[in-house]
Amino acid sequence: MSIPKGHLPCLPEQPDRPDCSECLDRPDRPEEACGVFGVYAPDEDVARLTYFGLHALQHRGQESAGIAVGDGETVTVTKNLGLVSRVFTESDLDSLTGDIALGHTRYSTTGTSTSWENAQPHLSAIGDQVIALAHNGNLVNTSELRDSLRGNGVRLRSTTDSEVIATLIGHFTQRHNHIREGIRDTMKLIRGAYSVALITEEALYAFRDPYGVRPLVLGELPLGGWVVSSETCGLDIVGARFLRDLSPGEMVKISADGLEAEQSVPAEKPSLCIFEFIYFARPDSVLHDCTLYEARRRMGAALAEDAPVEADLVIGVPDSGVPAAAGFAQASGIPFGEGLVKNRYIGRTFISPTQYIRQQGIRLKLNPLRHVIAGKRLVVVDDSIVRGNTSRKLVELLRDAGAAEVHMRITSPPVRWPCFFGIDTDSQEQLIASAMSVEEIREHIGADSLAFLRLEDVVAATGSSVSDFCMACFDGEYPVEIPESVRRGKLSLESCG
Ligand code: SF4
């Protein structure tokens with residue numbers, strides 16, 4: 001398959017650069033894996049609506065960003081490595097005219113993070129028709145599908161599972177002569193987590209895996225038009241009204257004929273990623289009718305009940321730890337304070353730091369307020385401990401700033417299992433809680449005390465029930481069967497069993 005001339009993406013391929021994740025101490029927490037935003041709004045500036053939608057979803061991926069537009073005749077895309085504010089210029093947005101747009105912010109969990117080809121939306125052709133696709137999630141049967149496509153003589157251009165999805169949709173669409181059936185057949189074959197939006201020159205499609213692992217919501221613009229977004233904060237920024245979540249296994253098509261919805265594959269056990277509540281989603285987003293800010297406050301309050309401690313001040317590790325710290329403070333009666341300031345725009349810079357800057361580690365991201373911290377017995381509320389490195393550096397940073405005691409309180413249980421559904425946790429042997437007890441972790445990070453929130457308290461804070469979630473990184477119960485070859489890469493040998 002080749003993309004027709006004239007439809008090639010409009011920015012030059014970037015040379016590979018050093019992966020800054022190796023340069024800038026990888027964050028010691030699971031990392032998000034992409035934000036998706038789509039809009040159908042004839043007569044509106046859809047590229048700018050998408051640009052602002054992507055700003056709201058920037059926290060879900062900071063490696064690359066892209067916007068594709070359908071203008072009734074074709075689809076064009078602008079995408080590049082870097083933050084949304086860096087990728088698009090006024091003139092880029094001026095040139096992206098049309099009725100439909102699709103945007104994506106990417107954090108890679110498959111494929112090379114620094115390759116332009118792997119940035120999304122992914123552009124491909126079905127015969128003469130160009131489509132753009134944006135994906136949040138991760139398939140677990142990608143290798144199998146890639147092998148089978150290659151066996152059929154299909155050449156793949158990138159290393160992402162998103163390209164596999166687009167290629168399958170193309171294949172089945174050509175067979176049925178209808179893209180909706182192409183998507184339906186593809187959904188029957190792909191396994192894992194996927195919240196996908198796709199545009200043609202005249203329609204916006206969105207579909208979600210049968211487990212509903214990653215969120216995807218639908219909204220309506222007041223002047224007419226529809227929006228799909230990974231989170232409700234993407235609707236809010238463009239003034240769209242939240243209508244509903246896309247259901248697990250559902251596909252919607254939005255075009256001049258309006259909104260058409262169908263249950264394309266049967267829904268399985270609901271398995272929304274519980275880490276969306278703990279850390280990934282923005283505090284002003286709403287999931288399962290619950291504002292993330294409130295859920296995190298309740299998690300902090302539950303920690304105060306479960307693991308009280310005598311202290312002078314409660315601080316949160318920005319951003320997700322802050323509402324939880326406020327909840328802890330309220331429930332415990334210990335004053336709440338701002339003790340850490342986040343260097344918000346460091347993101348995933350593609351500028352290589354010097355050796356000296358690299359050695360500053362956590363200081364690149366967090367700066368302590370010494371006059372607030374000095375001499376205080378601190379409760380420090382954070383969302384998770386994955387490898388333990390950053391927590392250790394954080395405790396050291398706070399002690400250097402004069403903290404008398406540091407009591408770590410974590411709003412999730414210990415992470416013992418890796419994620420296969422689009423979140424970049426390490427292999428099991430790198431997860432500190434898979435090998436150490438809570439007391440050993442406390443000693444490793446150098447805290448005066450350490451407590452994790454119980455899983456039942458996390459669930460209670462969401463207002464939903466245990467049966468609504470994927471909680472596999474805490475309990476090892478994966479909602480989708482993980483092929484042996486995929487398990488082997490991330491699980492320790494005895495777990496592979
Ligand atoms: S394994 Fe963990 S991070 Fe991955 S989807 Fe399940 S709960 Fe979320």
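In this predicted model, strand S20 (residues 377-382) and strand S21 (405-410) pair in the parallel sense, with 6 bridges between the two strands. Val-379 has His-407 of S21 as its bridge partner. S20, helix H14 (residues 389-400) and S21 together form a β-α-β unit, which is right-handed. S21 also runs parallel to strand S22 (residues 449-452), to which 4 bridges join it. In this pairing, Met-408 is placed opposite Leu-450 of S22. S21 is mostly covered, with 5 of its 6 residues buried.

The loop between strand S21 (405-410) and helix H15 (432-435) contains Ser-412. The relative accessibility of Ser-412 is 0%, and the residue therefore counts as buried. When neighbours within four places in sequence are left aside, the residues in contact with Ser-412 are Phe-275, Ile-278, Asp-383, Ser-384, Phe-452, Leu-453, Val-458 and Phe-474.

One of these contacts, Val-458, is also among the buried residues of helix H17. The buried positions are Leu-455, Asp-457, Val-458, Val-459, Ala-461 and Thr-462. Their cover includes three helices, H9 (275-280), H10 (292-306) and H18 (472-475), as well as strands S16 (290-291) and S23 (469-470). After H17 comes Gly-463, which has a positive phi near 80 degrees.

The ligand is surrounded by residues from several parts of the sequence: Val-213 and Arg-214; Cys-273, Ile-274 and Phe-275; Cys-419, Phe-421 and Ile-423; and Cys-470, Met-471, Ala-472 and Cys-473. By class, 11 residues of this shell are nonpolar and 1 is charged, while none is polar. Phe-275 belongs to the ligand shell and is also in contact with Ser-412.

Two cis peptide bonds are described here. The bond joining Gln-120 and Pro-121 is cis, with omega about 5 degrees. Pro-121 is located in the loop between strand S4 (100-106) and strand S5 (122-126). The bond from Pro-318 to Asp-319 is likewise cis, with omega near 0 degrees. Asp-319 lies in the loop between strand S17 (313-316) and helix H11 (321-332).

Positive phi values also occur in residues other than glycine. Asn-177 has a phi near 65 degrees and is placed in the loop between helix H6 (161-176) and helix H7 (179-189). With a relative accessibility of 69%, Asn-177 passes the cut-off of over 50% and so counts as exposed. Asp-289 is not a glycine either, and its phi is positive at about 65 degrees. This residue sits in the loop between strand S15 (286-287) and S16. The relative accessible area of Asp-289 is 73%, and the residue is therefore exposed.

For the chain as a whole, 20 helices and 23 strands are assigned. The chain has 497 residues, of which 61% count as buried. Among contacts in the chain with a separation of 6 or more, 71% are between residues 24 or more positions apart. The accessible surface of the chain amounts to about 19,200 Å², and carbon and sulfur atoms account for 48% of this surface.

Conventions
Residues are numbered from 1 along each chain as its sequence is written. This is a predicted model: local features need pLDDT of at least 70, side-chain atom pairs count only at pLDDT 80 or more; totals for chains, interfaces and linings use all residues. Side-chain values use heavy atoms; hydrogens and water are left out. A residue is near a molecule or strand if one of its heavy atoms lies within 4 Å of it. Ala, Val, Leu, Ile, Met, Phe, Trp, Tyr, Cys and Pro count as nonpolar, Asp, Glu, Lys and Arg as charged, and the others, Gly among them, as polar. Buried means under 20% relative accessible area, exposed over 50%, partly exposed in between (1.4 Å probe, protein chains only). Contact means heavy atoms within 4.5 Å. Two strands pair if DSSP finds at least two bridges between them. A crossover is right-handed if, with the strands pointing away from the viewer, the path from the first strand over the helix to the second runs clockwise. Accessible areas come from the Shrake-Rupley method with a 1.4 Å probe; for residues, only the protein chains shown count as cover.
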